[in-house]
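Subject: Structure for your review

Dear colleague,

Please find below the structure that I am handing over to you. My notes on what was found in it follow directly after.

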2 protein chains.
Amino acid sequence: MAIVPMAKREKRITIYDLAKSLNIAPSSVSKALNNSHAISSKIKKMVEDKAKELNYIHNTNAANLRRGFSRIIGVIVPKINESFFANIIAGIEKVCVQHQHSLIICQTEESLEKEVNAVQTLIRQNVDCILISLSLETQSTAHLEEIKNNHIHFIQFDRISPAIDSYTVVNDNEEASYQAVVHLAKQGYQNIAYFGGPAHLNLYQERKQGYKNALKDFGLTFYEDFVKDEIISTASGKQEALHLLQTDVKPDAFLCTSDYVSLGVLEALQQLNLSSPKDVGIIGFANEMFTQLVQPSLSSVNQFSYEMGEQIAELYFSEVMKQKDNEEIKTIKVKTEIVQRASSSR
Amino acid sequence: MAIVPMAKREKRITIYDLAKSLNIAPSSVSKALNNSHAISSKIKKMVEDKAKELNYIHNTNAANLRRGFSRIIGVIVPKINESFFANIIAGIEKVCVQHQHSLIICQTEESLEKEVNAVQTLIRQNVDCILISLSLETQSTAHLEEIKNNHIHFIQFDRISPAIDSYTVVNDNEEASYQAVVHLAKQGYQNIAYFGGPAHLNLYQERKQGYKNALKDFGLTFYEDFVKDEIISTASGKQEALHLLQTDVKPDAFLCTSDYVSLGVLEALQQLNLSSPKDVGIIGFANEMFTQLVQPSLSSVNQFSYEMGEQIAELYFSEVMKQKDNEEIKTIKVKTEIVQRASSSR
DNA sequence: AATATTTTAGAAATCGATTTCCTATAGCCT
DNA sequence: AGGCTATAGGAAATCGATTTCTAAAATATT
C-alpha cells in the first residue's frame, strides 16, 4: 500500500531555542523543565517563564526515543462501539489520565488478521503495555508471544487465552453463569437452554461449565440440544430460539452470554406469541443499557465494565509497570451481579 | 504530580543490528526496508529475510523524530462510551487503519479543563492532526488556537466552535431540526416544545433556529416557555417535561436534541398517565439503539454517526493532510434522516 | 576502448530530549 | 587563610531511523 508522503510541519520551539535565548546549555533547560535538583530555582524560574513566553511544548517523541519508554498504553478490543468495550475503554482512559499516560486504541472487528496488525502497530509505536481482549476468531497466540518477545507488558481481559502466560482481568464467569442458572431455577424454570459464544474461547467454556454445574447441583435435566455455542448476535439468537421453541421438548428459559442474544430470544417469543417471564425466562450478560428499556425488561449479569476498565489500568500502574522478571503473575476477578428484571421474575 | 520512573525495557533489534549482521551500512538497511529505488532488489531481499529472522520491528518513535510527523491522529470527544461518539470513533478508526495511521483517544467528560489537557497531551505526542468535538463547558477557544500555533492540522466535528477557523464535519442541524418539526406538525401536533443543549454551542443554536423557522413556516405558535436550553440528560428531560405538562398551556409534542432526553420525556408521560403518540409526540436526536426498543419506540433524527466518523477521517486523508497554506477551508455536512417510529405517529 | 551516464551503497548529519560525566564556583570548616 | 566538600551548570554521547551527499561500480554511448 502506497503511503502518501507528508509535508514536514514548521519547526516548533525546542529546548535548544530556549537555551540559546537564555544563554544557558540545553542540558540545563532539560533539567530545569524536569525539576532536577541539580538546578537552582532561579534558573528553573527563568526557563519556565521563557518556555511559556515562547510557547514551548515538550516533544514526547524525542524524549521517548531517548528514554526507551513512551507512557503510551495500547488497547485492543473487538469493537469500540459496543458498550461493554466502550465502557471498559472509558474506565481505562480515566485511570491513564491520572497517571499521565495516553491511550492508543485499536479495534479488531472480531478478525484475527486485524488483531495481528494491531499488535504490530502497537509494538512499533513503542507502547509500554498492551491491554487486549481477543477477537472471536483468535485461536492462535503467536502474535501475543510477539508482545512478550519485545518485552512489552501486557494484560489480557475478558476474552483471554489461557494458552499464554499473562496478567489477566476477568469476571468470575463460571460463578456468574452458575448464579444465573440458580436464579432461573429458583424462579421455577426447569428446562434451561444455554446460548453461548465460540467454545474455543475460555470465557465461554467457563460460562458453559457454570451452567452445567448448576444444572447438576439443582437436579435439572441437561439436554444436549439446548446447548449452542456460536450464538453471538441478536439475529442468531432469534433464529435458534425459534427453532428450539418449536421442538417437542422445549426450553422454558434461556441463559444467553450476551444481552444482544437475549434480545433475539425475546423477538422469537413475540413472534411465537409466547410471553416472558410467564412462558419463558431469559437472562443475558453485560447489563447493556437497553436491557432495562425493553418490554419486558431483561435480566442480565452485570459485568461492571467501567470498573473492569479501571481495574485493568490500575493493575498496570500498581503492579505490571513495576514488574520484576520473576514476579508472580496475577489474575484479577471483577465482581458480577445478577440484575433481576421482568424477563426472569415469576 | 510525581511520576514513577520506569525500568527501561531490554533493547530490541535495530537497523544497526541488521546492518552489522549483513555487513552493510545502516542507511542501506533503512532504504531497503523503505523500498527505496536506490537499493538493489538483491539487498532488499537479504534485508527483509534477516529482519524476519531476527524479529526486527520498526521503531516508530525514532522515525517520527527524524521525519517530523507521526502518522498518529488524536481524537478528543466528551465521552467515549456514549454510542454516538463511540460510533464516530469506530468509523474514524476504520479509515485510519486503511491509511496506516494510529489513533490516540481522549475524553473530556464535558470538562473544559480536561479538554485543555487533552490538547496539550496530543500536541506533545506529535500527532499529525486533532479531531475534536467540544465539551459542553467549552466557551473559550485559546486551546484550539494553540493547536494552530503548533501547526497541527485539526478538524472540528459535531460540537464545533465557529469562533475558530477550521475544517468542520457536522450535520445540517438547522435543517434536521426543521424537518423534525415539520414531521411533528404533519402528524397533527400543534404545540411543540424544544428541549435543547446549552445555547452557547453552535449546534444547539442551529437546532433551535430550525425549530423556530419551522414553527413560523407552518403557522404554529411559539411559546417562550416551551423552549429550554439546558436539558441534556434523561433526568432533566423528565423533570422539565413533568413541569411543562402540568401547566395550563401544555405542549403536545417535544423535539429533544438527544434521545436520552426523549427517554426522560417518555418517563414523565408514564408518570402522568399520558400516552405517546396519542397525547404527546416525541422525537429525539442520534437514533441511539434503544430508541427502537422502548415502548412506544422513539422517533429520532439519525445523524449517521459511524459514517460521520468515516467522513471525518476521509476528509483528513483526502484534503487536510495535503493542505496548502492558502487553501480553502471546507465544511462537510453529513446527511440526516428522520426515523419515524411510534412516538410521533398518529 | 575511452568516456559519459546511471545505479547502487556508504558516511555522516540530523531530529530533540535525556543523562552521564566533568569542572568551576560557592560555601564551609578548622 | 588554606583546603575540602557540595552544588550548579555545561559538554558531549545517546536513543534509532532517515536523508543528503559522495563515491564507486556498472552500464551505456560514441
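The surface near DNA strand D draws at least two residues from each of several helices: helix 2 (26-33) and helix 4 (60-67) of chain A, and helix 1 (15-22), helix 2 (26-33) and helix 4 (60-67) of chain B. Helix 4 of chain B gives the largest share, namely four residues. Please note that this is a predicted model.

In total, 26 residues surround DNA strand D, and the closest are A:Ser28, A:Lys31, A:Ser40, B:Ile15 and B:Arg66. Of the atoms of DNA strand D that come within 4 Å of the protein, 55% belong to sugar and phosphate.

An N or O atom in the side chain of A:Arg66 is 2.9 Å from a base oxygen of DNA strand D. For B:Arg66, the distance from a side-chain N or O atom to a base oxygen of DNA strand D is 2.3 Å. The side chain of B:Arg67 has an N or O atom 3.2 Å from a phosphate oxygen of DNA strand D.

Strand 4 (residues 153-157) of chain B is largely enclosed by the rest of the structure, because five of its five residues are buried. In a regular strand, side chains alternate between the two faces of the sheet. Here B:His153, B:Ile155 and B:Phe157 point one way, while B:Phe154 and B:Gln156 point the other way.

Strand 4 of chain B has partners in strand 3 and strand 5 of chain B. With strand 3 (residues 129-132) of chain B, the pairing is parallel over four bridges, and B:Leu131 stands opposite B:Ile155. Three bridges link strand 4 of chain B to strand 5 (residues 167-171) of chain B, also in parallel, where B:Tyr167 is opposite B:Ile155. Strand 3, helix 7 (residues 142-149) and strand 4 of chain B form a right-handed β-α-β unit.

Finally, twelve aromatic pairs are found over all chains. One of them is tilted, because the ring centres of A:Tyr194 and A:Tyr211 are 5.3 Å apart and the ring planes stand at 35°. This pair ties together parts that are 17 residues apart in sequence, because A:Tyr194 lies in strand 6 (residues 192-195) and A:Tyr211 in helix 9 (residues 202-217) of chain A. Both A:Tyr194 and A:Tyr211 are buried.

With kind regards

Note on methods. Residues numbered from 1 in each chain as written. Chains lettered and ligands numbered in written order. Predicted model: local features only at pLDDT ≥ 70, side-chain atom pairs only at ≥ 80, totals over all residues. Heavy atoms only, no water. Near = heavy atom within 4 Å. Polar contact = N/O pair within 3.5 Å; in protein donor to acceptor, adjacent residues only side chain to side chain. Buried < 20%, exposed > 50% of the residue type's maximum accessible area, 1.4 Å probe, protein only. Pairing = 2+ DSSP bridges. Right-handed = clockwise from strand over helix to strand, strands pointing away. Phe/Tyr/Trp six-rings, centres within 6.5 Å; stacked < 30°, edge-to-face > 60°.
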